[in-house]
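Reader: I would like to learn how to read a domain interface and its charged pairs. Can we work through an example?

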Amino acid sequence: MKHVLSLHHMPAEDIAAVLETAEKVKKNPERYEDRLKGRTLLMLFQKTSTRTRLSFELGIQQLGGRAVVMDWDKSNFAISPIRYEARYVSRHADVIMARLIRHSDLRQLAESADVPVINGCDERYHPTQALADLLTIRERAGGSKDVTVAYIGMHNNVANCLTAGVTKMGYNMILITPEANEAARDEELLAAAKATGRLEITTDPRAVRQADFVYTDTWVDMENFNNPAYAEEKERRLRVMMPYQVNAELLGGSRPYIMHDMPVHPGLEIAEELIESERSIIYDQAENRLHAEKALMLHLLGAA
């Protein structure tokens, strides 16, 4: 049985297979509308969600299955050892998607579940977002591997899975990250990406001018963005990170595709005029969550 907790631990051939299936599903969705008939997806949420909730719930429905949505903190997962609840829900669900705060909780869930577990986002990894990002890059790049992706901003869960996925798929990656969320630090992942010879790490924001795709993300995690107790750290981060805002001046005349996993904070990590500009593919990324996740569920349940 396979779980997908990060792209670092997902073999390159599996990533490629999911992307190929995603292209087919997106092009001919009617061919797959009964592939998961009678199957149940359990969706566990501890973090707020728009894209993950909508794409997974629609995805399983479009494949003929059904979704059950459960609030982690209002369920007995919050008061019982995770392993007992995981073994119970495995009796009813065919696959579990969990969007949790702590990666350690996600690992416990996967270690105890008897069905595949998909990480729908945690403090360290966001593999389903990266699969959608890779699908979006692939649509623009075609078969070319002569592609450079730059991620600029706070090193976080998205940066981790994007780096692993981009380098495994044979593209070049530039990480422009002056600071990192402590929970997202993964030296093993970075070492593996460096070993491919396709990863450059720098703190120079002008490195975005070398890229075909420029990707940014929030500087403050969603659970802390409006948290009064985090206000002082938020203000510090905004001061430190403003030179890394993606804007026309920083791009210096280059015309990369602009990427962001959403939710977007205009005027902070990205200038508002770039969000819906001609070169923005932000909504394409968001839409591709649906196709990538359908393909991932098909792959994990042997129905691709």
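Author: Start with the area. Domain 1 and domain 2 bury about 2400 Å² between them, 58% of it on carbon and sulfur atoms. In domain 1, Leu19, Arg124 and His126 lose the most area to domain 2. Together they account for 25% of what that side buries. Keep in mind that this is a predicted model.

Reader: Where are the domain bounds, and how many residues of each domain are in contact?

Author: Domain 1 covers 12-126 + 286-301, and domain 2 covers 129-283. Their centres, taken over C-alpha atoms, are 24 Å apart. At the interface, 27 residues of domain 1 are in contact with 27 residues of domain 2.

Reader: How many polar contacts and salt bridges does the rule find across the interface?

Author: It finds 14 residue pairs in polar contact and 2 salt bridges. On the side of domain 1 that touches domain 2, α1 (12-27) and α12 (282-300) each supply at least two residues. The largest share, 9 residues, comes from α1. By class, this side has 12 nonpolar, 4 polar and 11 charged residues.

Reader: How should I read a salt bridge?

Author: Side chains of opposite charge can pair when their charged atoms come close. In this model, Glu23 and Arg138 meet in a salt bridge at 2.9 Å, N to O. Glu23 is in helix α1 and Arg138 in helix α5 (residues 127-141). The pair links parts of the chain 115 residues apart. Glu23 is partly exposed, at 33% relative accessible area. A search of the whole structure finds 14 salt bridges.

Reader: Which residues do salt bridges with shared partners join into one network?

Author: Take the pairs in turn. Lys26 forms a salt bridge with Glu139, with the closest N and O atoms 2.7 Å apart. Asp284 and Arg140 meet in another, at 2.4 Å, N to O. Asp284 lies in helix α12 and Arg140 in helix α5, so this pair ties together parts 144 residues apart in sequence. Asp284 is partly exposed at 26%, and Arg140 is partly exposed at 32%. Now a pair elsewhere: Arg255 and Glu278, whose closest N and O atoms are 3.6 Å apart. Arg255 lies in the loop between α10 (248-251) and β9 (257-260), and Glu278 in the loop between α11 (272-275) and α12, so the pair ties together parts 23 residues apart in sequence. Glu278 is exposed, at 71% relative accessibility. As for the network, shared partners join Lys26, Glu139, Arg140 and Asp284.

Reader: Is Arg35 buried or partly exposed?

Author: Arg35 is partly exposed, at 37%. Its place is in the loop between α1 and β1 (40-45). Leaving aside neighbours within four places in sequence, Arg35 is in contact with Leu63, Leu298, Ala303 and Ala304.

Reader: Where is Glu233 found, and which side chain does a polar contact join to it?

Author: Glu233 is found in helix α9 (residues 231-241). A polar contact of 2.9 Å joins the side chains of Glu233 and Arg236. Glu233 counts as partly exposed, at 25% relative accessibility.

Notes. Residues numbered from 1 in each chain as written. Predicted model: local features only at pLDDT ≥ 70, side-chain atom pairs only at ≥ 80, totals over all residues. Heavy atoms only, no water. Domains from an automatic or database assignment. Contact = heavy atoms within 4.5 Å. Buried area = accessible area lost by both parts, 1.4 Å probe. Salt bridge = Lys/Arg side-chain N within 4 Å of Asp/Glu carboxyl O. Polar contact = N/O pair within 3.5 Å; in protein donor to acceptor, adjacent residues only side chain to side chain. Helix = DSSP H or I, 4+ residues; strand = E, 2+ residues; numbered from the N terminus. Nonpolar A, V, L, I, M, F, W, Y, C, P; charged D, E, K, R; others polar. Buried < 20%, exposed > 50% of the residue type's maximum accessible area, 1.4 Å probe, protein only.
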